Amino acid sequence: MLYTELLHLWDESVKAVDAKDWQGALAKLEQISEPTSRTLFNAASVHLVLGQLDLALKALDLSIAKDERLAVGFFQRATVMMELGRLEEALSDCIWAQKHMRENTVIDYRQLGLRFKLYSWQVLHNAAAVYSRMGQWERAKEVLLSASQDRGGCRGGNIEMALNNVQREGNLAPLLVPEGVVFRPRKQDVEQLQQRDFLGKAKVISSMIPNDDFGGFEPLRLQKPGFYEPKVDGAQDSRYMRVEVPYIARGPRQLTVPGGAMVFLFGKEDRDGMATVIYDGQRGLVPMSLLEPADIKTSKGLKHNRVPSGIPLPPELKPPARPQSQHSPAVPPQVHFTSDTPPPSYTSATHTSLPASEPPKYKASTASEQHASSMQEAEAGSLVVKVNYIYTVALSVPVDMPYYELKKQIAQKFGQPASQLRLRYKQHGSQVLIPLGGDGEPGRTVQEVAEAGRATLWCQKEDPLVNRTILYQMVALYDYAAQGPEDLEFSKGDTVDILSEVNEEWLEGHCAGNIGIFPSCFAYRENNNIMPSYDV
C-alpha cells in the first residue's frame with residue numbers, strides 16, 4: 001500500500017471522528033490494508049465508544065504487537081481488561097505501562113499526533129482500581145499513597161477521592177484516554193497530498209489577433225503562399241508600422257487592414273500618399289498617413305557571443321574555431337607575434353614588475369633576519385634548497401654543488417628516476433619557469449640560482465618526448481578545461497612547452513607530462529627571447 005493512500009484514509013478517518021461519525025471512521029480505517037500501531041489504536045478507541053469491547057481488545061493487541069513500547073496502548077488495554085473482568089491481565093498491563101514510562105512522570109504524545117499526556121499517577125490509579133476489584137483494599141491503599149507522592153501534574157483531587165473511596169471499600173472507576181482523542185497524521189504530510197500545478201496556465205502576453213485569450217496548444221498551421229516580411233536585425237531601425245484606424249480597400253492593389261494591426265513597410269511612399277506594405281502574407285497599398293512606427297523590443301533571453309564547439313570563452317577574447325583534422329602530416333604554419341606586451345588584466349592579476357632602477361623593498365626586521373640567516377649559511381658553506389613537487393621538501397646542500405648532483409639528490413629524495421625529473425626555477429620578477437642546466441653544463445652550480453642563501457625550485461615528472469623540440473615557453477593566462485581527447489588541460493600560471501604551431505589560433509603544447517592542443521589566446525609569451533631549442 002502506498003504511503004499517500006495510507007495518509008489519505010488516515011486523514012479521512014480522523015475527520016469522521018471529529019464529526020462523531022464513528023461508523024464512517026471505522027469504514028475508512030478498515031480500508032487500510034497495512035495498518036500501523038497508531039491507526040489500530042484509533043480503531044480501538046472507536047470500538048470503545050461504540051461499546052464493542054472485544055473488537056477494541058483485538059485492535060489494541062495488534063497495536064501493541066506493532067509497537068511493543070507503546071505505554072499508552074498498555075494503559076488503554078488495562079481499562080478494557082477490567083471492563084471484561086480479566087483482572088490479572090489488567091494488572092499485568094498496568095505494570096507494563098509503568099515499565100515503559102521509564103521512570104518518567106509524564107509522556108507527551110503530541111509529537112506522535114496524540115493530544116494526550118500520560119502521567120505515572122494515572123497508571124497507579126488504574127492499578128489501584130484493579131486491586132479494589134480484587135478486594136485487596138490494603139494493597140490498593142498503598143498504591144494510591146504512592147501515587148499521591150508522585151510529582152506529576154493534573155491530579156487535582158482524584159487521588160484524595162480515590163483514597164476515600166477505598167477506605168469505604170468501594171470500587172474505583174478506571175481512567176482511559178478521553179473520547180475523540182486519536183492519533184492524527186502530520187499536517188505537513190497531509191498538505192502534500194493536494195495536487196499542485198507547478199507549471200501554471202499559459203497566458204497570452206502579446207498577440208497579433210485582437211482580444212486574443214487563447215492559452216492552450218494547437219498544431220502547426222501550413223504557411224499559405226504569399227509575401228512575408230524579411231528578417232531584420234534588432235539593432236537596425238525597425239520597419240514595422242502600426243495602423244492607427246481600420247482601412248478598407250477602395251481600389252486595385254489596396255489592402256483591407258484592421259485598426260491596430262502591425263504591417264511591414266515594404267516600399268516608399270508614392271505620389272498619391274500610398275505605401276506598399278505586407279500584411280498577413282499579402283502585399284498591397286495603404287495610406288501612409290494611417291501608419292505610425294511600432295516599437296519592436298528584442299527579447300532579453302537572446303544570448304549573444306555563444307561559444308561554438310564547446311570552447312570556453314576567455315575574458316574579452318573571442319574563442320577560436322577548432323582546427324580541422326588533417327589526414328597527411330604537414331608542416332604547421334608559423335605564427336608571427338607582433339607584440340608581446342601582456343594585456344592589463346594579466347599584468348594586474350599575476351604580478352607587477354618593479355622598475356629596474358628601484359630595488360625591492362623589505363621590512364627592516366625581515367631584512368635583518370635574512371641577512372643573519374645568510375651569514376650563518378655562508379659561514380657553514382651551504383644553502384637551503386626548497387623543492388616544490390607533489391609535496392614540498394627543503395634540502396641543505398653545499399653552495400658549490402653541481403646541477404646534476406643536486407638532481408640526483410632530489411630524485412633520491414622523491415624516489416623517482418633522475419632521467420624523468422625536470423627542475424626549473426624563476427628569475428626575480430618573472431613568472432616563467434626556466435629549466436635548470438643538466439649534464440651538458442657540468443661547471444654550473446646551484447649557487448647561481450640562489451638568492452640570500454636560499455633557492456626555490458620546481459620539480460616535475462615528465463615522460464620523455466622522443467624527437468620533439470621545444471620551440472619556446474608560454475605562461476597560462478586562464479584555466480583551460482579539455483573539450484576533447486586531443487586537448488591539453490592546464491591551470492592558470494602553468495608553464496606550457498610549445499612543440500608546434502597548428503595555425504594562427506591553436507598551438508600544440510606539453511605540460512605535466514601531457515601533450516595536446518589548446519587555443520593560443522589562453523596563454524601568453526612573456527618575452528621575445530626564444531629559448532634555445534633542445535631535445536628532451
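This is a predicted model: local features need pLDDT of at least 70, side-chain atom pairs count only at pLDDT 80 or more; totals for chains, interfaces and linings use all residues.

Biologist: What does leucine 118 touch, leaving out residues up to four places away in sequence?

Modeller: Leucine 118 touches Ala71, Val72, Phe75, Met101, Thr105, Val106, Ile107, Tyr109 and Val123.

Biologist: Why does serine 37 count as buried?

Modeller: Buried means under 20% relative accessible area, and serine 37 has a relative accessibility of 13%, so serine 37 counts as buried. Serine 37 is found in helix H3, which covers residues 37–49, and, with its neighbours within four places in sequence set aside, serine 37 is in contact with Ser63, Lys66 and Asp67.

Biologist: What is the strand order of the open sheet, and why do strands E6 and E7 stand at its edges?

Modeller: The open sheet has 5 strands in the order E6-E5-E4-E3-E7, with antiparallel pairing. Strand E6 (282–287) and strand E7 (291–293) each have a single partner strand, so one side of each is left without a neighbour in the sheet. On average, and with direction ignored, neighbouring strands of this sheet are turned by 50° against each other.

Biologist: What makes strands E4 and E5 a pair?

Modeller: Two strands pair if DSSP finds at least two bridges between them; strand E4 (residues 262–269) and strand E5 (residues 274–279) have 3 bridges, in the antiparallel sense, so they count as paired. Leucine 265 has valine 277, in E5, as its bridge partner.

Terms used: Residues are numbered from 1 along each chain as its sequence is written. Side-chain values use heavy atoms; hydrogens and water are left out. Contact means heavy atoms within 4.5 Å. Helices (H or I, at least four residues) and strands (E, at least two) are DSSP runs, numbered from the N terminus. Buried means under 20% relative accessible area, exposed over 50%, partly exposed in between (1.4 Å probe, protein chains only). Axes are lines fitted to C-alpha atoms, for helices over the stretch in contact, and angles run from 0 to 180 degrees between N-to-C directions.
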